[in-house]
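Subject: Structure handover

Hello,

I am passing on the structure below. Please look it over before reading my notes.

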Amino acid sequence: SSQNLPTALVATIKKLQSGYIAGTRVHMGKLRDFLTTSCVTKLSFLPDDSTQEMQLNKIMKGLAGHTSRPKLLSFGNKMKRRHISRKNLSVHGSVRRSRSIQVDPENIQDGSTSPGDPSSPQDEREDHLLHHLKGGLHPMPQECDRAPSPVGSPILTRHKFGFTHEESVDQQELIEQLNHTEVLHEQADIIHYLVMKNGPNWKTEVGGKDCTLKELLVELYEKAGHWKQWWLVRHTAGMLKKRVEELALSATDLLVRQKQLSVGLPSVNEKVITAPLPPDELAAIIFEVYGEDLSTASLTQELLIYLAMFIRTEPKLFKEMLRLRVGLIIQVMASELARTLKCSGDEASDHLLNLSPFEMKTLLHHILSGKEFVIKAGDSKFFSIGESIVREDTVRKLTSDMLDLALSQPETEEEDIAMETDRQGQWLRRRRLDGALNRVPEGFYPRVWKVLSMCSGLSIEGKFLPNSLTREMTPGEFKFALRVETVLNTIPQPEYRQLMVEALIVLTMVSENEWSVKMDEIHVDKLVHEANALFIKDQDIPKESVKQCEGPTGICLHFYDSAPSGRFGTMSYLCRALANILHIPADHEGNVECNLS
C-alpha cells in the first residue's frame, strides 16, 4: 500500500500520473507497450549478481582465515642474469621482443640505460593510481584459460615467441632453471616462453609442487607488484588477460563528449571505437589488435583511464580533437622519452613501460598539454617528469614549461649547445605531437567546408572529399568533421598529416580573400610537395644533400622543423605554392596578398 512508501516517492508518482513533471510531458503505460519504440542498452559498469557473489565469497574466505597458497617462485629480485645454456639462449629477452612500440628513427640515439633496480616506497598518489592497474584489474572470463593464438598482428609476427620453430629448446631444463633462479627478468622470460608455447593451463612442477603456468603467472604478477616493477606488472596483467575495472565507463566518458577512440597501431591494425561497448568486448578488441604485445595492451587500458580522468577535469586539453588514437599517443610518449633521455628506441620502450602509474599519468598530461622538455643534469640518481620521480641510473631532470625554454639562460657552454639542439627539433616535435593527437586549429572544419564548396573536391594522398558533401552536410555538422578527419587519418606519419592541415588552412584564404580563381579538384599533397620544393630551392640545398635530409614521404626534415609563421615559415611557402598552382597574380615584388587570421 501507499502507506508503506516514502512520502517523496508517493508525491513523485502522483506528479507522473498528472502527465507533467518539472515541466516535462510524461506518458505512463505498461512496459510491453514501450518496448517497440525504446532503446534497450546494458549498464555494463554496474556489477551483476555473479560479480557481487564472487566479491562476497572473497570477503567470507578472508573472514574465515583463508590462508594464502605457498610461494612457488624464489621471491628475490636479483637483476644480474645467470649463465644460460646455448640451447635455451633464444628464450633470453622473449618478453622484450614481444613488444611492438615503435620509436621514430630520428629520435633514436646511443644510450645504455635500462630499467632495473627495485623501487623504493612511492608517493601515496601512486598507490591510489595503482588500483586502476593492479587492484582494479580482473580477468576476462575464459580468455586467460586459452593458449594464445599463434597468429598476431602483422607487426608482431617477427617477434613470434622470440624464437624460431627450428630452434630446439629444452623445456625441462628451463623448468629446472626456473626452480633455482631469483633473477626477475629470467623468471619473466621463461614463464613468457612456456605460456606462449604451451598455453596457461600446461601443468608442470616448480618448487617441488604441481602447478599450472597460470598459477606461476599470478605469482609473478604479485611479485612484480611487490617490487614495483611496473613493466612486469603490465606484462603479466596482459598475459592473464586482465582488464581495468572502469575500462568501459572510461571509454564511455570519452565517447559521450564526442571523442572517437582508436586502439592499435596506425597502418598496421587500428580499430576505431565509435559507440560504448561492454567491458569484456572492449578489452577483447584491445587484446586482439595488439596480438602478442600484451604489455602495450595493458598500457592502452591504463591510458584510457587517464584520458577519461583528464576529459572530466580538464576538457580544454581535448579542444579541437575528434579522435583519440591511443596507439599513436603511445608511440609519441616513447619518442619523447627517447629524445629527452638520449637513448635508443628499445630502451625508450623499456623506460615507458616501467613508469609508475602516477608517472605515466603525468607524462600523458605533458603530451596533451603540449609542454616541452628541457634536460638538466642533477646530483641524485633520479630524473623527474614534472612533479613525479622516475628511478634510473642516469641523472636527468625534465622541466615542462616552453617559456622556460625560451627565456632561461644556459649556465655552461654544454647547456647552451644542448638547448640549441633541442630548439632545432622543436617544430618537428610540435607537429608530431599535434598530428598524433589529431589536434587542429579552432574553426578548422567549417573553413574546410567553405573551401570544398568552391571547388569540385579535395584529394589527400589518393583519398577524395567530393563537393557534394557541402550539399549533404552543414559547415558545423559533426558528421562532416568526421569525414574530413577520416581522410586525414589515413596518413600514418603524424608530422606529414599536420602539414596537410596547414595546407588546408592556406587554401581557406582563397575564399576569405575573395580571389577570382577557378578551382577544380585540388590535390592537397601536391601543394605540400610544391612548398617543400620551393623551400629546398631557397635554402640552396645541394642535390646530393637533398636525399640525406628527406623525412617521411620525401619532405625535407628542415621543412618539417620550420616555424609556421615568418618569411621562411611553412605557411609562407604553402602560400607561394598555392599561387603557383592556381596561377594567382602577384605584385611587382612577387608577393601574394593573403590573410591567414
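This is a predicted model: local features need pLDDT of at least 70, side-chain atom pairs count only at pLDDT 80 or more; totals for chains, interfaces and linings use all residues.

Residues are numbered from 1 along each chain as its sequence is written, and side-chain values use heavy atoms, with hydrogens and water left out.

Salt bridges

The structure has 16 salt bridges (a side-chain nitrogen of Lys or Arg within 4 Å of a carboxyl oxygen of Asp or Glu). One of them joins Arg 339 to Glu 336, with the closest N and O atoms 2.8 Å apart. These two residues are three apart in helix H13 (residues 326-341), so about one helical turn separates them. Helices (H or I, at least four residues) and strands (E, at least two) are DSSP runs, numbered from the N terminus. Arg 339 and Glu 336 are both buried (under 20% relative accessible area, with exposed over 50% and partly exposed in between; 1.4 Å probe, protein chains only).

Another salt bridge is formed by Glu 485 and Arg 497, at 3.3 Å between the closest N and O atoms. This pair links distant parts of the chain, with Glu 485 in helix H21 (residues 478-488) and Arg 497 in helix H22 (residues 494-512), twelve residues apart. Glu 485 is buried, at a relative accessible area of 0%, and Arg 497 is buried, also at 0%. A network of salt bridges links Arg 96, Arg 99 and Asp 350.

Aromatic rings

There are four aromatic pairs (rings of Phe, Tyr and Trp, its six-membered ring, with centres within 6.5 Å; planes under 30 degrees apart count as stacked, over 60 as edge-to-face and the rest as tilted). In one of them, the ring centres of Phe 444 and Tyr 445 are 5.1 Å apart and the planes stand at 75°, so the pair is edge-to-face. Phe 535 and Tyr 573 are also edge-to-face, at 5.5 Å centre to centre and 85° between the planes. Phe 535 lies in helix H23 (residues 524-539) and Tyr 573 in helix H26 (residues 570-582), 38 residues apart. Both of these residues, Phe 535 and Tyr 573, are buried. Ring pairs join Phe 535, Phe 559 and Tyr 573 into a cluster.

Sheet

Three strands make an open sheet of mixed pairing, in the order S15-S14-S16 (two strands pair if DSSP finds at least two bridges between them). Its edge strands, S15 (463-466) and S16 (521-523), each pair on one side only.

Regards
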